[in-house]
Amino acid sequence: MSSRSHLLNDRTVEHYRRSVTEGVGRVAEKIAGADRPFTGVTPSQLAPTVSGIDLEAPLGDPAAALDELENVYLRDAVYFHHPRYLAHLNCPVVIPAVLGEAVISAVNSSLDTWDQSAGGTLIERHLIKWTAERIGLGTAADGIFTSGGTQSNLQALLLARDEACRLVEKNSATPLRKPEILPRLRILTSECSHFSIEKSATLLGLGPEAVISVPCDEDRRMRTSALGAELERCEREDLVVMAVVATAGTTDFGSIDPLPGIADLCERAGTWMHVDAAYGCGLLVSRRRHLLDGIERADSVTVDYHKSFFQPVSSSAVLVRDQAALRHVTYHADYLNPARMAENNIPNQVDKSIQTTRRFDALKLWLTLRIMGAAGVGELFDEVVDRAADAWRLLREDPRFEVVTRPQLSTLVFRYLPPAPAGRSLTDEVNLHARHALSASGEAVVASTVVDGRHYLKFTLLNPETSLGDIATVLDLIAEHAGRYLTERPGAPGTRHPDPEPVHPRAS
Ligand SMILES: *Cc1c(COP(=O)(O)O)cnc(C)c1O
C-alpha cells in the first residue's frame with residue numbers, strides 16, 4: 001500500500017472503515033474474554049517483547065499490526081472494566097463516550113481557535129456552562145476543559161496566584177514587583193489533599209514552604225479550626241494566602257472537606273477558595289448532591305469527568321466563578337488569535353487555556369449527556385457509593401481486617417490483621433505481600449497507601465458491576481495470601497531458618 005493510502009480523506013474512507021472496525025473487533029474480543037483484570041505480567045517479562053520490535057521495519061498492514069499489538073499490549077493490559085479491578089481512580093467507560101473518541105480523532109478538531117473547531121468550541125462552552133450551573137457558580141462563571149485534575153489544579157492556582165499578586169500590588173503604598181511578592185504567597189490545604197497542589201506550587205515559582213498542610217479530623221476532613229488558626233498566623237506574619245484548597249473527595253479516603261465552613265473563613269479573609277472535586281464531581285449528578293453543599297461558593301473548581309463521570313482519559317475541566325480571572329492566561333499571537341478577534345466576539349478557547357493545540361474531549365461528555373443523560377451517569381455513581389457503604393459494613397464485621405474510615409464516596413482503606421499479635425513491621429509486610437501476590441495472580445488488582453506511617457490496602461470502587469460478592473471474594477484472597485505469608489515466610493515459627501548454620505562447620 002502506498003503511504004498516501006493511509007491518509008484519511010474522501011478516497012480512503014473504505015480503508016478507514018475497515019481498519020477501525022477491525023480494531024474495534026479485536027478490543028471487543030479482549031473485553032468479552034478477559035476473565036481477570038490483569039495477567040500479572042512483570043516489567044522485566046514484557047520489556048523484551050516491546051523493545052524487540054524493530055520500528056524501522058513497518059508491517060504495512062493493520063491486521064498484522066493488531067496481531068503484534070496482542071503480544072505487546074492487549075494481552076497484558078490492565079482492564080478497568082473488570083469487576084475485580086479495585087485499585088485506582090479509573091472508571092469503566094460508557095459506550096457513548098467511546099463513540100465520542102472515535103469521532104474526535106477522525107475529525108481531529110483542535111479546540112484552541114474557532115477557525116480550527118467551529119461547533120466544537122460552542123459544544124465545549126455549552127458543557128462548561130452546564131457544569132458551572134450544576135455547581136451553582138453564578139452567571140459570570142466560565143472555564144475550560146483540561147487534560148486532567150493535575151492541570152486543572154495548576155491552572156486554578158495560577159489564576160489565584162495572579163489575582164493575589166494583583167491585589168497586593170493594588171493595595172501597596174509603594175510600587176511592588178511580582179518577584180517581591182511571590183516569596184510571601186502561601187497555599188493552605190489539608191494533609192490529605194492531592195500531591196498536584198505541591199507540584200503546582202513549584203511550577204508556579206513558589207518555594208516548597210509555600211504549601212501549608214492543615215491537619216484533618218479522624219474522618220480525614222480538613223479541621224476548620226486549624227484552617228482559621230493558620231489564616232490568622234499568616235496574617236500576623238505578613239504572608240499572603242493566595243488560595244485555600246478544599247478537597248471534595250480525597251484520593252485515598254473520598255472524604256469531603258467541610259466546604260461551608262471553609263467558604264466562611266475564605267470570605268472573611270478575602271481569600272481565593274479552590275475546590276478540588278476531581279473525584280467527588282460525580283456527586284453533581286447524583287442523589288447525594290447535598291454532600292457538595294458549599295461548593296457553589298468557590299472561586300474555582302476542578303472536576304475530573306474521567307473519574308466519576310465514566311469518561312475515557314482524558315476529560316477534565318477547571319471552572320471559575322468570575323470569567324475575568326481567565327485573562328491571566330490570555331496571550332495573543334498574530335498568527336493564531338489576534339486581539340481583534342476577541343474584540344469581534346470570535347470565540348477562541350486558547351484565550352482561556354494553558355494549552356494551545358487541544359483535544360475535543362468535551363465531545364465525549366456531550367454524547368454521554370445526549371444519549372444517556374446526566375441522571376444516568378449519577379445513577380451509576382450512586383451505585384458505587386452504595387456498594388462502598390455495604391463493603392464498609394462487611395469489613396467492619398470481619399475480624400481479619402481493620403478499616404480506617406467510613407466512606408463518603410467509594411474508597412475503602414483497610415488492612416489485614418494477623419491473628420496472632422504481630423509487630424508493626426510484620427503487619428506492614430504481610431499487607432504489602434498480599435497486594436503484590438494478588439496482582440501477580442491477576443485475580444484482582446487493589447491499591448496500597450500509607451496512613452500515619454503504616455501500610456494499608458485500598459479499594460477504589462468505580463464499577464457498578466463490582467458486586468458485594470466480588471468484594472468478599474477479594475477479601476478472602478487477600479486473607480489467604482496474607483495467611484500463607486505468615487506461615488511460610490522465612491523465619492516463621494515451624495519453618496526452617498532461611499540461612500541455617502552449617503551443620504558441619506568447616507575447619508578454619
Ligand atoms: C486524581 C486526582 C487529581 C489528579 O487528577 P489527574 O486527572 O490524575 O491529573 C487531583 N486531585 C484529586 C483529589 C484527585 O483524586
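**Notes on helix packing and the main pocket**

1. α9 and α10 are roughly parallel to each other, because their angle of about 15 degrees falls under the 35 degrees cut-off. This is a predicted model, so please read everything below as computed from that prediction. The pair is made of residues 224-236 (α9) and residues 259-269 (α10), and the two axes sit 10 Å apart. As for handedness, α9 passes α10 in a right-handed crossing.

2. Who touches whom here? On the α9 side you'll find Thr224, Leu227, Gly228 and Leu231, and on the α10 side Gly261, Ile262, Leu265 and Ala269. Sorted by class, this α9 and α10 contact has 5 nonpolar and 3 polar residues, with no charged ones.

3. Next, have a look at α6 (residues 149-171) and α8 (residues 196-203). Their axes come within 9 Å and cross at roughly 50 degrees, and the two helices are therefore oblique to each other. The α6 and α8 crossing is right-handed. Thr150, Asn153, Leu154 and Leu157 of α6 meet Ser196, Ile197, Ser200 and Leu203 of α8. In terms of class, the contact splits into 4 nonpolar and 4 polar residues, and no charged residues take part.

4. α4 also has a packing partner, helix α13 (residues 362-371): the angle is about 140 degrees and the axes are 8 Å apart. That makes α4 oblique to α13; the cut-off for roughly antiparallel is over 145 degrees. The crossing of α4 and α13 is right-handed.

5. Which residues make the contact between α4 and α13? From α4 come Pro96, Ala97, Leu99, Gly100, Glu101, Val103 and Ile104, while α13 brings Leu363, Lys364, Leu367, Thr368 and Ile371. The α4 and α13 contact counts 8 nonpolar, 2 polar and 2 charged residues.

6. Now for the largest pocket. Its volume is about 1,400 Å³, and 33 residues line it. If you want to find the middle on screen, go to Val27, Ile31, Val93, Val98 and Pro312, which lie nearest the pocket centre.

7. Which helix gives the largest share of that lining? α1 does, with 8 residues. Helices that each supply at least two lining residues include α1 (13-33), α3 (62-74) and α4 (95-107), so α4 turns up both in this lining and in the α13 packing, by the contact rule of heavy atoms within 4.5 Å.

Methods: Residues are numbered from 1 along each chain as its sequence is written. This is a predicted model: local features need pLDDT of at least 70, side-chain atom pairs count only at pLDDT 80 or more; totals for chains, interfaces and linings use all residues. Side-chain values use heavy atoms; hydrogens and water are left out. Axes are lines fitted to C-alpha atoms, for helices over the stretch in contact, and angles run from 0 to 180 degrees between N-to-C directions. Helices (H or I, at least four residues) and strands (E, at least two) are DSSP runs, numbered from the N terminus. Angles under 35 degrees count as roughly parallel, over 145 as roughly antiparallel, 65 to 115 as roughly perpendicular and the rest as oblique. A crossing is left-handed if the near helix is turned anticlockwise from the far one by less than a right angle, and right-handed if clockwise. Ala, Val, Leu, Ile, Met, Phe, Trp, Tyr, Cys and Pro count as nonpolar, Asp, Glu, Lys and Arg as charged, and the others, Gly among them, as polar. On a 1 Å grid over the protein atoms alone, a cavity is a set of points where a 1.4 Å probe fits but cannot get out, and a pocket is an open set with protein on both sides within 12 Å along at least five of seven lines; lining residues have an atom within 4 Å of a point. Grid points are joined across faces, edges and corners, and a volume is the space filled by probe spheres set on the points.
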